[in-house]
Amino acid sequence: MIDTRKVLRHYIKSPTALFCTIIILSFGVLAIGADWIAPDNPYDLRTFSLSDRMKPPAWMRGGTLTFVLGTDDQGRDILSTIIYGLRTSFLVGFGVIALSTLVGSILGLIAGYFGRLIDTVICRIADIMLSFPAFLMALLLLGLLKWQGEMPVILAISAIFWVRYARVMRGNVLAEKAREYVDAARSLGAGNLRIIFSHLLPNVVSTLFVIAAVDLGMVIVLESTLSFLGVGMPLTTPSLGMMIASGYNYLYAGIWWVVLFPGLVLALLILAINLLGDWLRRELNPRIQ
Amino acid sequence: MLSYISGRILQSILVLIGVTIICFIMFQYMGDPALALAGMDATKEQLEEAARMLGLDRPLYEQYVRFLWRAVHGDFGISFMTKTPALKLVLKRMPATLELAGTAMIFATLIGGLVGVFAAVKPRFVASRLAMVGTLMGITLPTFFIGILSIYFFAILLGWLPPFGRGDVIGIGIWSTGLLTVSGLKHLILPALTLGMFQLSMSTRVIRGEMMEVLAEDYIRTARAKGLSVLMVTLRHALKNALIPFVTIAGLQLGQLIAFSIVTETVFQWPGMGNLLLMAIGQTDQPVVITYIMVIAFIFVFINLTVDLTYCLLNPRIAYD
């Protein structure tokens, strides 16, 4: 079990953890409040015009304060597009984590708790999934099915990411199941569900939490990569990866701001998530230290 | 151990059969293959002719057996785009991808190994700390962003290296190599470093972690107390033991590199398999996509099998069930 108060005490004393939290939270606030915070809605056709295309950032010659970070090839405000793109990143990130934790835990529980044939089937599938890179499978899935958008990307990535949760869950359940307290609970008349929910689950939560924290960064990178390649988000959905892809075409003309700003925001977000995930892993899993 | 090996081989074959079934279903039900082959403005007769040619009028299991039979014989259908055999298209692109992934792996292993050992032996040096921050960047930044940044700095601003393409290639039999020309090598540096950056950072961290763990062992202290030099202890006693986990992840890394070369090839317009795959996806050229999947599945199964068997030989202590 986790000593929550100890973790919190360490958390307050760790500048890295606090700094990362601030970054993630402020990006989160931007993403949630995009409709009110962003200067423009870059995907509302009425708000941008081609005559504003490729404006440099405000501090450069030719830049205006209307478009602080400049505009892209369609005349969209970069800052606004980044804010809306963050929303997509978070949506996909948390969507995948939620879905794959749920599905993975349930499958892992079933495999570990009931064993036999169903265990073998789930484990074999997991083995096969793990032998191919997640990125490749998601790309092929989306590319072959010709799906685009938030929901397809969430489904495609979750279809691969559930495996680790299932494995961890199964391993923990197997280990805990052999413990005496489970026998004791059973002899007191507790049913399967009660044993699972009040005895097995609390022991696994911290491990699942750590995996989820590490996965979140990976999922966000994955989404931006898929969108960069043109198989993730459709043109009508803001995405940092797609912004970078469209800006990349103009890089040779010396127009760097369409690529650099979304890239930096993406990098900062992932860095913060990864550092916080690392910190959590060390904190909740002292064996690795 | 023999039963373990045969079990692994059997499992690999099952995985490959599974992949063919998935590919077969994809091919049959994603879009209309007859229409794609005959073209949009085909007449009804032409459509039927195309359907007959593809065997679509036969029962499903017969189609699958035919599909499998032809796949075993290297026939994966005709590309809708270019009307040439899909396998030939994919195989023609393979040398470019393998050279890119192989070079990236050498970068990752050599540089990662050296930096990792150094950072473990001298953890307090400024250089070691900088290297660790660098590896954090390498793990954090998405591959495509690293690629674009390196193109912007080294190709556009500084003009040191070419921004895209593969340069001049020399054909040796069926293999076309860019490794033997100056322009080919110049074109290889940026994409290979970009592709290998993640793995390089990972190897550095893994090697450093393993080395630090080994260096803290008693037998290292004993070796030092015997009067052996630091270099000797580091290389002979510590590195040897730190390498075992490293060797096993190296094989898996190659697979990751081949997969992620899709991204790098797109950024650098590298004429490899990944580039072809994205083009085929964009054009709904199913035979090429499916051929790519089969080829890549074969490569992966082969790599995984080799890694498992190597591990089995390197580390006989493991009990196999």
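Biologist: What elements does chain A run through from the N terminus on?

Modeller: Happy to walk you through this predicted model, where local features need pLDDT of at least 70, side-chain atom pairs count only at pLDDT 80 or more, and totals for chains, interfaces and linings use all residues. Residues are numbered from 1 along each chain as its sequence is written, while chains are lettered from A and ligands numbered from 1 in the order in which they are written. Helices (H or I, at least four residues) and strands (E, at least two) are DSSP runs, numbered from the N terminus. Chain A has 11 helices and zero strands, and its elements run α-α-α-α-α-α-α-α-α-α-α.

Biologist: And which pattern does chain B follow along the sequence?

Modeller: Chain B holds 12 helices and two strands. Read along the sequence, its pattern is α-α-α-α-α-α-α-β-β-α-α-α-α-α.

Biologist: How many residues of chain B are in contact with chain A?

Modeller: Two residues are in contact if their C-beta atoms, placed from the backbone, lie within 7 Å. By that rule, 28 residues of chain A meet chain B, and the residues of chain B in contact with them number 26.

Biologist: Which helix gives the largest share of the side of chain A that touches chain B?

Modeller: Helix H6 (134-145), helix H9 (192-229), helix H10 (240-248) and helix H11 (257-284) of chain A each supply at least two residues of that side. The largest share is seven residues, and it comes from H11(A).

Biologist: How many residues on that side of chain A are charged?

Modeller: Ala, Val, Leu, Ile, Met, Phe, Trp, Tyr, Cys and Pro count as nonpolar, Asp, Glu, Lys and Arg as charged, and the others, Gly among them, as polar. On the side of chain A that touches chain B, 22 residues are nonpolar and six are polar.

Biologist: What percentage of the residues of chain B count as buried?

Modeller: A residue is buried if 20 or more other C-beta atoms lie within 10 Å of its own, with C-beta atoms placed from the backbone. For chain A, with 289 residues, the buried part is 42%. For the 321 residues of chain B, the value is 38%.

Biologist: Why is helix H11 of chain B largely enclosed by the rest of the structure?

Modeller: This helix covers residues 273-282 of chain B. Among its buried residues are Met273(B), Leu276(B) and Ile281(B). H11(B) is largely enclosed because, of its 10 residues, the number buried is eight.

Technical notes: Buried ≥ 20, exposed ≤ 12 C-beta atoms within 10 Å, placed from the backbone.
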